[in-house]
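Student: I have a model open and want to learn to read it. Where do we start?

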Amino acid sequence: MVTVPKFTQRKSAGPPLVVLTAYDAPTAQAAEAAGVDALLVGDSLGNVILGERDTMRVTVDDMVHHTRAVSRVRERALLIADMPWMSYHLTPAEAASNAARLIREGGADAVKLEGGENRVDAVRAILDCEIPVMGHVGLTPQSVLAMGGFKVQGRSEEQADRIVEDARALTDAGVFSIVLEGIPVEVARRVTDAVSVPTIGIGAGHACDGQVLVYHDLLGLSPGKSPKFVRRYAQLFEASVDAIRHWATDVRDGTFPGPDETY
Ligand code: KIV
């Protein structure tokens, strides 16, 4: 079983950490069968499962529902659940009780939240309830409105310094790992060198202690183009359309079901 301490120890030993998003039983089962180190029930759920434009409409109830489905089939991987927008922004007490729902009702081992120094009070309150927290800095999708789009962060010296300081503040507060999203490789290297916990990159280059991808991006499960940093290892959307079309043709031709294709 991958526990939070085992995950954190991989900062200094072992191969890079492998984290994949999962949203339901079949995605979790495939990721487990492939031997990933951690499953992240990301609020990217909003985009890839619920058909939303961004993550801002995802609720704690949505996250609990999907985390529970993943936890029912989880075998070995660490299970991390995202805290959605507005579930940890108002008061530390509210942050802690929303995090507790993801643990108690969802079955997660840890929670992830976005932000840096501005979220330290929330991080501390959650940790105070014995719930491990993962940080997330750089391109934080819950800030899409404030950022004016999904834009790479940390290109200016000032922004890069801010990201390093945010990662330090989160580490000092006690997070067990930090996601670095959408930042230049040199900034990701600076953060990785500056903190004692593993950094997990997405669109942040090779200098991190591990990598995370969205399940649907890796497998080509969504229609349309993937972001530039994604390497698609399969084209499952096209494969699904082909298979469904084939079945529909067989039904229309009267060749499905065959004589033995019955209960
Ligand atoms: O929601 C998500 O899938 C994430 C990853 C992109 C890190 O936060």
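**Reading the model**

Tutor: Start with disulfides: the structure holds zero of them. The cut-off is a pair of cysteine sulfur atoms within 2.5 Å. This is a predicted model: local features need pLDDT of at least 70, side-chain atom pairs count only at pLDDT 80 or more, and totals for chains, interfaces and linings use all residues. Residues are numbered from 1 along each chain as its sequence is written, and side-chain values use heavy atoms, with hydrogens and water left out.

Student: Is Cys208 buried or exposed?

Tutor: Buried means under 20% relative accessible area, exposed over 50%, partly exposed in between (1.4 Å probe, protein chains only). Cys208 is buried at 9%. Cys129 is partly exposed at 43%.

Student: At what angle do the axes of α6 and α8 cross?

Tutor: Helices are DSSP runs (H or I, at least four residues), numbered from the N terminus. Axes are lines fitted to C-alpha atoms over the stretch in contact, and angles run from 0 to 180 degrees between N-to-C directions. Helix α6 (residues 120-128) and helix α8 (residues 157-173) cross at roughly 25°, their axes coming within 9 Å. They are therefore roughly parallel, a label for angles under 35 degrees.

Student: Which residues of α6 and α8 meet?

Tutor: Contact means heavy atoms within 4.5 Å. Val120, Val123, Arg124 and Leu127 in α6 meet Ala169, Leu170 and Ala173 in α8.

Student: And where is Thr67?

Tutor: Thr67 sits in helix α4 (residues 60-73). Its relative accessibility is 0%, so Thr67 counts as buried. Beyond neighbours within four places in sequence, Thr67 contacts Val41, Leu79, Ala81, Leu102, Gly106 and Ala108.

Methods:
Helices (H or I, at least four residues) and strands (E, at least two) are DSSP runs, numbered from the N terminus. Angles under 35 degrees count as roughly parallel, over 145 as roughly antiparallel, 65 to 115 as roughly perpendicular and the rest as oblique.
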